[in-house]
Amino acid sequence: MTEITALHYLVVAAALFVLGVIGVLTRRNVVIILMSIELILNAVNLNLVAFSRMWGNLHGQLFAIFIVVDAAAEAAVGLGILIAFFRNKETINVDEIDLLKW
Amino acid sequence: MFFLNNIWLIPLFPAFGAAMMFFFGRRLQKATVNAVCVGVVVVAFLFACFTVVEYTHFAHGTGQPFEKIVYTWLGSGDGHLNFVKRDGTTASFNADAGFLLDPLSSIWLLFVTGVGMLIHIYSTGYMAHEGGYYRFFGYMNLFMFSMLTLILANNYMLLFVGWEGVGLCSYLLIGFYFHRKSASDAANKAFIVNRIGDAGFILGALTLAWFFGSFRFTDINELASHSNFVGGDIHILTIAALLLFVGACGKSAQLPLYVWLPDAMEGPTPVSALIHAATMVTAGVYMVARSNAVFMLAPSAMKTVAIVGALTAVFAASIGLVQNDIKRVLAYSTVSQLGYMFLALGVGAFAAGVFHVFTHAFFKALLFLGSGSVIHAMSGEQDMRNMGDLRGRIPTTFKTMFVATLAIAGIPPLAGFFSKDEILWQAWRSADGGFPYLWLIGFGTALMTAFYMARLIFLTFYGKPRMGHEVEHHIHESPKSMTGPLVVLAVCSVCAGWLGVPASLGGTNAFGKFLEPVFAREAAVAPSTSGVPSAPQEPVGEEHRGLEWSLMILSVGAAVVGGGWAYRYYASAGKDYPEPIAVKAPPIYTLLYNKWFVDEAYDYAFTGRRKLGGIRLGAMGAGEASSWFDAKIIDGAVNDAGWVTRAFATLSTWWDKWIIDGVCVNGPAILARMLSYPARLFEWGLVQWYALVMVAGLLGFGVYYVWK
C-alpha cells in the first residue's frame, strides 16, 4: 500500500473542481449553482490543505479557514439575493435572469 | 296719557285682523269676517281719535312731537353696529320700533283710519258677491297696518317697512282678480315701477344717515335746523333730497313713474278708492313733507319737486279729458291732484300741500266709491259710453258724486276750493323766478279738471241711456252699507275745507296753524340768499288781498267755464255722441286718447317689448347689445388672444418635442445605440454563458501553454 501523496489529493481536488464547474455551467436552479460553487471552494480548500501538509507548515490551513468563512458569507448573501429575486420574479430559474445585458 | 303711551297699538289692531284672516279666514263666515276686519279698523279709528285729542293736550299747540320708542329694532346702541359719518366721526346704526306723533302724522292718522273705516264698511256691500271675501279683507287690513306703520314711524327705516308693506298690499290687491291676465300684469307693473322709486328712497335715507348719523326724523330735523352748512354739504343734501323724491315719484305716481297708477284700476273699486286715491299714493307727499327740513336746505331739489308736480298735474289732466273708462278718468285725476300736492311742497307751501292731501282724501275716495256704486248698478260696466241718464235711478250715488265733483273742481265753499286755491296762491306768491308759470300751469289744470269731472258726471248721469236693455233692467241703487259711507264722505267733502279758510276770506286757517310748528322751524333756517322759495309765514298784507281775491275769482271762473263746456257737449249725449276734441283736433285727440303714447314710449325705451328685426330696442336692447358686445367682442378678443397663445405654444411644443428632444437629445442617443449594436451582441445577459466563455478561455490558455 503506497503512501498517499500530495498528488492524490490534487487529483481528488481537481475532480471536485471540475464537478463544481460543470454544475455551475449546466444547472438551471440557482440553489444548485450555489451548492456547486461550494464544491469549487472546497476543492481549493483541499488543495491548500494538501500543500500545507506537503510543506509542513500551517499557512495553507489558515487560508482554508479563511475560505470557509468566505463561503459562509457568500452563501448568506447569495441566498438573500435569491429570496429577494424570487419575490420579484417568482422564479429562481437562472435562464430567466438576463437583466445584466442592459 | 294712556292712548299716547299705547300708540303702538294702533297699527296692531288691523295687523290682528290680517293675521286672523291669514290663519282662519277660509273657515270663517262672512259675518265673522265683517265683524273682525271692519271691527279692528273701527277700533283703530276710535283709538286714533282719542290719541290725537290727548296729543293736542300734550302739545298745547306748540307742535312738540311725541315720541314713543317701544324697543330697539335695528342696531343695539352699544357700538356693535357702527358706521363712519361723512365728517369722519363714528355713529351708531340704530333704528327703533319707535312711534312719532306730531301735527303732520296726526292728520294722516285721522284721515287714513277714518277714510279706511268708511271704505271697509263700503266693501262689505261691494264685495258681498265676490269670491275670496276673507282674502280681500285680510289684504285690506294688512294695508291698514302697513300704512299706519308708515305714518307713525319715527325713523326712515321703520317708515320704509310701512312703505314696502303698502307696496306689497297694493300689488296683492291690484292682482286680486289674479285669474285675469290684465290684472296680474297691472299688479306686476305697479310693483316693478314702485321698486324703482323704492331704490331711490332707500338710497336717499342712507345718504341722510351717512350725513347726519341718524335715521330719526327728530334728530335729522334738529341737526338740519341748527347746523351750519357749506357748499359741499348742500350738494349732498340736494342729492339726498332728490333721491327721496324719486321714491315719492314712484309711490305717489309722479312723472315719469306715474304709469302704474292708471293700470292699478284693475283692482276692486274699494281698493282704488282706499289705496290708489286716498291714502297710499299720498305716502310720497307725507315723506317729502316729513323731510321738509332737508328739502328746505336744497333749493334746487325744491324747484325740481315743484316743476315735476306742476307738469304731472297738467299732463295727467290732459289725458283725463278723453278717457272713457270711468275709473281711468278718476285715476288720471288722482295723478293730476297729486301733482298739485307736489307743486305746493315744491314752492315751500308744505301746509297747503298737506291740506290738499286731506281734502282730496275725502272727495277722491267719494268719487271712487261712487264710481264703484255706478259699476255695481251697471252690472260691471265701466265704459261711460255705455252709461247715461242714471241720476234718477241711483239718486244717492248721483247726489254724493255731484258734491264730490263740485269739490274737486274747486267750487266754493266746498273742500277742494280752499285747498286748491291755497296751492295756486302760494305758487303765485313765492315768485322767486319762474313760479308764476307754475301758477299758470296749475290754473290750466284747474280748467281741465273741471272739464273732465263734469264730463264724467254728464256722461254717467245725464243724457240719454246708452246701455243695453238687459243692463238697464237691472239698474238698482246700492245697499245701505255702500251709500252710507258715500253720504258721510260727501259731508266731509263739503266741510273739510272749512278747517283751512284763509285769512283773506275772514277765516283763521286753523289747519295751517295746527301744522305750522312742523314746518315753521325749518322755514326759519332756509338760507334767504340762495333763492329758496321761503314759506310764507308773515300775515297777508292788505295790498295782497286784492290780488288773492282776483286769483280766486279766476280759478272759480275756470271751474265754471270748464264745467260749462262739458255741459254744452255732453249734457244731452245720445248714442254715438261726438267728442269735441276729436271733432276739432283729431291728432290731439289721438295723442291724448293714447295717453301721449307714454306706455308705448316706455316699451320702446325700457321694457324691451319692441323689436327691430329681432333686436330689442331701448334700455333692454342696450343691455342685450352690451351683453352681446361682452360675449362676442370682449370675450372673443380674450379667446382669440388665448387661441394665438395656444397656437404659439403648439408650435413651441412641436419644436421642443421634435427638434430639441428629437434631434439634439435623442439623436446622439440613437446614434450611440446604433453604433453600439454589434458590441451588445456579445452581451446577452445569461451569466452561465459568461461563465462558460470564461472557462473555455481559461482552458484555451491552459492548453496553449501546456502544449506550446
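**Ground rules.** I am working with a predicted model, in which local features need pLDDT of at least 70, side-chain atom pairs count only at pLDDT 80 or more, and totals for chains, interfaces and linings use all residues. Residues are numbered from 1 along each chain as its sequence is written, while chains are lettered from A and ligands numbered from 1 in the order in which they are written.

**Overall form of chain B.** I looked up the secondary structure and found 28 helices and six strands in chain B, where helices (H or I, at least four residues) and strands (E, at least two) are DSSP runs numbered from the N terminus. The radius of gyration of chain B is 38 Å, whereas a compact globule of 708 residues would have one near 27 Å; the radius is taken over C-alpha atoms, and the globule rule is 2.2 Å times the number of residues to the power 0.38. Along the principal axes, the C-alpha atoms of chain B fill a box of roughly 165 × 65 × 55 Å. I noted that 49% of the 708 residues in chain B are buried, a residue being buried if 20 or more other C-beta atoms, placed from the backbone, lie within 10 Å of its own, exposed if 12 or fewer, and partly exposed in between.

**Contact between the chains.** Nine residues from chain A and nine residues from chain B take part in the contact, with two residues in contact if their C-beta atoms, placed from the backbone, lie within 7 Å.

Leaving aside neighbours within four places in sequence, I found Ala365(B) in contact with residues including Val115(B), Ile119(B), Ala273(B) and Leu489(B). Helix 15 of chain B is largely enclosed by the rest of the structure, because 21 of its 21 residues are buried. Helix 15 is followed by Gly348(B), whose phi is positive, near 90 degrees.

I placed Ile660(B) in helix 27 (residues 618–680) of chain B, and Ile660(B) counts as exposed because it has 12 C-beta neighbours inside 10 Å.

The peptide bond from Leu255(B) to Pro256(B) is cis, with omega near -5 degrees, and Pro256(B) has its place in the loop between helix 9 (231–251) and helix 10 (260–263) of chain B. Another cis peptide bond joins Pro412(B) and Pro413(B), with omega about 5 degrees. I also looked up Asp389(B), a residue other than glycine whose phi is positive, near 60 degrees; Asp389(B) counts as partly exposed, with 19 C-beta neighbours inside 10 Å. Lys595(B) likewise has a positive phi near 60 degrees, but Lys595(B) counts as buried because it has 21 C-beta neighbours inside 10 Å.
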